[in-house]
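Hi,

Here is the structure I said I would pass along.

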Amino acid sequence: MSVLVPITLLGWVPAVLFLFAALPARRAVIAGFLLAWLFLPMAVYPIQGLPDYDKAFAACGGILLATLLFDPQRYLSFRPSWVDVPMLVWCLVPLASSLSSGLGLYDGLSTVLRHGVVWGAPYLIGRLYLRTPADLRALALALFVGGLLYVPLCLYEVRMSPLLHYKIYGYHQHVWVQTQRWGGWRPTVFMQHGLAVAMWMTTASLAGLWLWRTRRLPRWTLVPAGASVGLLLVTTILCKSAAALVLLAVGAATLWLGLRRRHATPLWVLLLLAPAYLGARTVGDWDGGALVSASRWIVGDRADSLQSRLDNEDRILANVYQRPVFGWGYAGWLVFETEHGAEGQATPDGLWVIAAGRNGAVGLLSLYAVFLVPAGLALRCVAARGAGLRLDETDVPLLAVLMALYAIDNCFNAMPNPVFMLMAGGLAAIAVSQPQPGAVRLGRRSVYHAARPVPSGVAVSFGPSRASRPSGP
């Protein structure tokens, strides 16, 4: 392990303080989260009596401390809303899980602290700093720029193998065999897995496509906007993740249908996919055989990996049904009895089944409510609730799609990313800022409102359209 590991992880807090001293608060918040998640090493430092100090804790804790020091009055202006209840429950449910399973108060409070810093802090900061359409647009542009920053690093590892983390920090962050895909290399750069990189590049690609399609992508000095989006798409394909490519296609198709049909229905359908899967796997007792068959048709033998994940989920769910409300805490939920009567240990992959095993139905429902409820409510604020509402000046549809895709991805993978919690907090801020149906009040004035009736078929738009629309006041 290189000496850069403790220097970067422990030195990130003063680095964030410098960001807040040098930049406006919103830019410092967005830059702090993105730079930390893109470039800090995947390392863990156990701390006696406290949660482990790792990349996620450093990223979220450093920015939380900086906002408290440089902008404490922002917290005084915070007004909780019922939309924040899912995050509050998700942060507190580990205490109930530990107490109900006999693990004790200390274990529960330690996990509550980690949930609060790693999950709750970025959500709260999003609620405080991403309140306006301009804030959301800055986040969307930052996602795109973050993807461009990773393009040369990904291309290097596609050609030379995933070596950047090893060369800079002195070790590989994951097992080497999983970096080989489709006759080549799958980049991991500085994230926990190649799947996380692929999902990040998918997110950045969709952000670029949306900004380009709505003509809000800045003109770069040397590279045309369309060319930079195309380069990002090519790099995403070279990340060699079938699931991420499917999500990219689904997300792009959803946004395109929204633009084409000038209606939010495709987005609502996408938001419901993850809950439908969770309901089928739990209440519906679905074994996922049809999904494996479809995957086999697309990726061949790689579908065996999906079947293995489903088998492990079934073993974990058998334990969850024994403690369905608050789960098992951090012990016992992975153990199952083999065919020969011996004890085995399941290997969880999806974040949803980890949440269900540790924190039961309360944890699972609260986690996915954090993913989807702010997105749905923010979309409802700017979607067709009456004739005349226009959506061409907001990036809510993009961010709602990204949260829906992230929820779907976590049905099969466990790749926590605080940037998505920042995004959820921003969507929640938009949702709670609407004072009445048909208007979104941000600050002192209403920025989305019904101006006057519009012709049929032109009432709702997700971006610039050739169809004529009356201009609002």
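A quick word on terms before the numbers: a cavity here is a set of grid points where a 1.4 Å probe fits but cannot get out, and its volume is the space filled by probe spheres set on those points. Keep in mind, too, that this is a predicted model.

On that basis, the second largest cavity holds about 40 Å³ of space. Its lining is made up of Pro 162, His 172, Gln 173, His 174, Val 175, Trp 176, Thr 179 and Thr 188. By class, that gives three nonpolar residues, five polar and no charged.

The largest cavity comes in at about 70 Å³. Around it you'll find Trp 37, Met 191, Ala 196, Met 199, Trp 200, Tyr 406, Asp 409, Met 415, Asn 417 and Phe 420. Two elements, α9 (194-213) and α16 (396-409), each give two or more residues to this lining, and α9 gives the most, with three. In total, the count is three cavities of 30 Å³ or more.

Now the helix pairs. The crossing of α1 past α2 is right-handed. On the α1 side the contact uses Trp 12, Leu 19 and Phe 20, while α2 brings Ala 25, Ala 28, Val 29, Ala 31, Gly 32, Leu 35 and Ala 36. Sorted by class, this contact has nine nonpolar residues, one polar and no charged.

The other pair is α15 (residues 351-382) and α17 (residues 418-432), whose axes come within 8 Å and cross at roughly 40 degrees. That angle makes α15 oblique to α17, and here the crossing is left-handed. From α15, the contact residues are Val 370, Phe 371, Pro 374, Ala 375, Leu 377, Ala 378 and Cys 381; from α17, they are Met 421, Ala 424, Leu 427, Ala 428, Ile 430 and Ala 431. What classes do the residues in the contact of α15 with α17 fall into? There are 13 nonpolar, no polar and no charged.

Cheers

Technical notes. Residues numbered from 1 in each chain as written. Predicted model: local features only at pLDDT ≥ 70, side-chain atom pairs only at ≥ 80, totals over all residues. Heavy atoms only, no water. 1 Å grid on protein atoms, 1.4 Å probe; cavity = no way out; pocket = protein on both sides within 12 Å on 5 of 7 lines; lining within 4 Å. Helix = DSSP H or I, 4+ residues; strand = E, 2+ residues; numbered from the N terminus. Nonpolar A, V, L, I, M, F, W, Y, C, P; charged D, E, K, R; others polar. Left-handed = near helix turned anticlockwise from the far one by under 90°. Contact = heavy atoms within 4.5 Å. Axes fitted to C-alpha atoms, helices over the stretch in contact; angles between N-to-C directions. Parallel < 35°, antiparallel > 145°, perpendicular 65-115°, else oblique.
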